[in-house]
Structure formats: C-alpha cells, structure tokens
Amino acid sequence: MTAYVSAFDLFSLGLGPSSSHTVGPMRAAADFAARLQRSGRLADDDPVARVHCVLFGSLGSTGIGHGTPSAIVAGLTGFSPETADPHDVRGAWERLDEDPTLNLAGEHSITFERDDIEFQPRTRLPGHANALTLTATDAHGKTIAEETYFSIGGGFIRRDGDSHSEAGGIGWPMPFTNSEAMIALCDQHGISIAEVALANELAQHSLDDLNERLDLIWSTMHDCVTAGLAGHGELPGGLHVQRRAAQLRANLEAVTSPDHDTTTEWLHAFALAVNEENAAGGRVVTAPTNGAAGIVPAVAMYALRFVPGVTATHLRTYLLTATAIGSLFKANASISGAEAGCQGEVGPACAMAAAGLCALLGGTPRQIENAAEIAMEHHLGLTCDPIGGLVQVPCIERNAIASTTAVSAARLALHGDGTHLVSLDAVIETMRQTGLDMNTKYKETSEGGLAVNVIEC
Ligand code: SF4
C-alpha cells in the first residue's frame, strides 16, 4: 500500500458546510441511486417505490446542522457535489414538507418524506463514526437493495464491503508509506517533495492536463476567497453568527499608516472568507476537509500577495507539496473530525499549508517536513465541538488562527537545517493515538466542549 492520494481527490470541488457530513453523504446517496439505475429497478414493472436512509453516529448527531439530510436528497436525485448548484442543495430536505417527492437518479419519481431520513446518533457502526444505510423497497415493502456507506473524511466514502485501501490499486511510480520514505525518494532522485507528487500525478495525467486541473483547484479557491470577502449578513443555522470577512477587508483597505503591518490581518480575512462561504453552503474546495478549508487558500493568498516573486503558477508547487503531506495524514492517521477530533482536520490542513509555503520560500525537503511537523504538533489534542452542530463556532475563527500558525511554522523551519527531534511520522502517529483515546463526545457529536458550555440563542 502507498500513502499517496491524488491532488484531485484530496482537493475536491464540493459544497459547504462539511466534507464528511455534506459532500461524502451526497456522494454515497448518488452512488446508491446510480446502482439502482444500473440494476434496471427504476424503470421495470415493479420499480423502487420508497427509499429509506438511516444516519448513524456523528452523522446522526450533527447531521442537521451540517446539511446532511439535504445532501442525501440531492445525491439521491443524482446531483454531485462537484457540479450541483448550492441553491438546489440547500434546504432540499426541508422542501419535502411542501412536495414529498424525489426524482431518483433524475429518472424515476417516488414519494420521499422528511421522515424517510432517520437519525440514530447513539448507534456507531464499527466501520467508521460517520455511517449511513440506504434501503430501497418495492411497492410491497420488499427490500430491493441496501447499502451501508462510511464517510471517512475529506469527502471520501467507502461502501461497506469494499477494500479499505482505495489507493492500493494505483501503481504510483514514486510510492511511499510515510514521511521518512518520501524524504528518501527526494534524496535518492535529487528532487523536491512537489516533484515526487508530480511524478505520481503524471502517471495519470498529461502535464498540460495536470496543470489545467491544478489551476482549476486554485481558481476555485480564489473565487471562494473573493466571494467570502464580499459576503455580508448572518450565517444560516440559527446561531445568528455574523459574517466578518468583508468588514475586516474594508477595515484593512482603509489603513493608511505605514506603521500598521496588516499582513497577519489579511491572512485572517482570507481564511474567514473561505470558512464563511463554507458555513453558508457555498462552493468550496476540500483542503483536506470543508471545516478546515480556509487554511490552504489563505496561506496561498498570503504568498501571492506578500511573498515577492510568487505567482499563481508557483501555486502548483504549493498544492503538490500540500498533497504529499496531506496524503500522509490520510493514510497513517485521519482527516476526519468524527474519527480524530479537530486535530484531524485543522491539524493536517495547517501542516499542508505550512509545507506548501515552506516549499515556495525555498525550503529543502527536510525543512518542509519540519514545517509540517511543527504545524501539526501544536494542534495535537484539539477537540471537535461545534456549537449547534454547525461548522461555524469555533471552526471559522480556528481556520484564521491556524493560518497564522502555518506561516509561523514555515518560517521557523526555514531558520533550521531540517534537523529536529520529533519527526512528522511521529507526530502523525501521535495524532492517530490521541484520536483513538479521545472521548467520543469530542468527535463531531456536539455533545461536549464549547457545544455544551455556550448557550445557543
Ligand atoms: S471543530 Fe474542527 S473538526 Fe469540528 S467541525 Fe469545526 S473545523 Fe471541523
């Protein structure tokens, strides 16, 4: 098995507010609908009459706040997170009260009511904390098909019974299982971490295609920052959280004093912008998740604006470096808040951004590894406790603060020669173990931490 995950899987175009609770469930529901379509049971004499969905564990606890039921409805209808209009997805479950029908796979209309999505937060399936089961029945109530899916973080899904290793079947020319092996490849071939990732990507894409797709990832991130910096008003969900990025941008544009260094505040504004767009259900790139989607774009914007000589073309190196680092977390620990707490979402995102920036600033592979390690080390133990089950508090601000940590980690690493005591592999393994030890209430259930100590108004 190799750790590498393609940039186009790690940075997937999706919808807010959550990769594991919105994007993953939508993909699972779309896969289920497509299977029914392929089986011919949408068009035969005794077609599917009803579909029932059960959301288990974390999907059951915080699914409503994360838009999971609407994502299920959209997925069953045949929408994909990459192309769906956010307006069509948002509120799709609530709209069933007025019109309890669903066009399965866009082909076959069935009755579908809000209660056809059932919440079982107390039941955690052994495969993963984020699980859902979809059942299709005929007009006599007889089961036609049933599938269980796990939403394993970052929008990735696994169907129960499928292999755990999605990457294992791909013959990457530069395989590595951990950071040490990745650095050894750099040493052996005299190349950078980004070039290791590049060699792997070129096994699947031509260089032109690869660059075009990397540029699309960046332009989507950039569009998200731009939209967020212009967004005003209250975020949905009932917490009455006000968007702040646009006001912060206006404040910073009004600064005239040369003594006021606004660099860090701009970094905050970029991250707030993305995470506010995410909380509003807008178009977002998982990086590597939606909840932590602000850090990689914010640090890229920082590099573009404040690091001399950096252009959008250089961001290909940034994204490829971040991909290699993010792959290590996905393979050897987790990128799921429901599995490892927030250390498993914001921690990897911060490490990816720190590594990418360190590469842009001329860091060696060992300095880049050190930057990623520093960034992750100081997120160890971070719990996931979103108030009201919404990806707003503490998530939005947490991305802003982690963006500054990423820049600090990159710059700190550049002052050394890459030699350091705690390896990236050790800190990833520590995150994995800490996630296993962490009480379930701190893993995206909204049953602990801030979620129970702050009164919702
Ligand atoms: S607290 Fe962290 S892991 Fe939990 S939803 Fe927010 S960003 Fe995601």
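Analyst: What follows starts with the domains and then turns to the helix pair. The model is a predicted one.

The domain assignment divides the chain into domain 1 (19-159) and domain 2 (169-453). Their centres, taken over C-alpha atoms, are separated by 29 Å. Where the two domains touch, 22 residues come from domain 1 and 25 residues from domain 2. On the domain 1 side, at least two residues each are supplied by helix 2 (19-39), helix 3 (57-62), helix 5 (86-89) and strand 7 (143-153). That side of domain 1 is made up of six nonpolar, 15 polar and one charged residue.

An unreviewed UniProt entry annotates residues 189-451 as "domain: Serine dehydratase-like alpha subunit". Residues 189-451 are 60% helix and 1% strand, with 49 Å between the end C-alpha atoms.

Now the helix pair. Two packed helices are described by the angle between their axes and the distance between the axes. For helix 12 (residues 315-332) and helix 14 (residues 346-360), the angle is about 145° and the axes are 8 Å apart. Their crossing is right-handed. Helix 12 contributes Thr317, Tyr318, Leu319, Thr321, Ala322, Ile325, Gly326 and Phe329 to the contact. Helix 14 answers with Pro348, Ala351, Met352, Ala353, Ala355, Gly356, Ala359 and Leu360. By class, the residues of this contact are 12 nonpolar, four polar and no charged.

Last, the ligand. Its shell holds 13 residues, of which Gly291, Gly337, Cys342, Cys384 and Cys395 come nearest. The shell divides into eight nonpolar, two polar and three charged residues.

Terms used: Residues are numbered from 1 along each chain as its sequence is written. This is a predicted model: local features need pLDDT of at least 70, side-chain atom pairs count only at pLDDT 80 or more; totals for chains, interfaces and linings use all residues. Domain bounds come from an automatic or database domain assignment. Two residues are in contact if their C-beta atoms, placed from the backbone, lie within 7 Å. Helices (H or I, at least four residues) and strands (E, at least two) are DSSP runs, numbered from the N terminus. Ala, Val, Leu, Ile, Met, Phe, Trp, Tyr, Cys and Pro count as nonpolar, Asp, Glu, Lys and Arg as charged, and the others, Gly among them, as polar. UniProt positions are given in the numbering used here, feature names are shortened, and annotations may be inferred rather than shown by experiment. A residue is near a molecule or strand if its C-beta atom, placed from the backbone, lies within 6 Å of it. Axes are lines fitted to C-alpha atoms, for helices over the stretch in contact, and angles run from 0 to 180 degrees between N-to-C directions. A crossing is left-handed if the near helix is turned anticlockwise from the far one by less than a right angle, and right-handed if clockwise.
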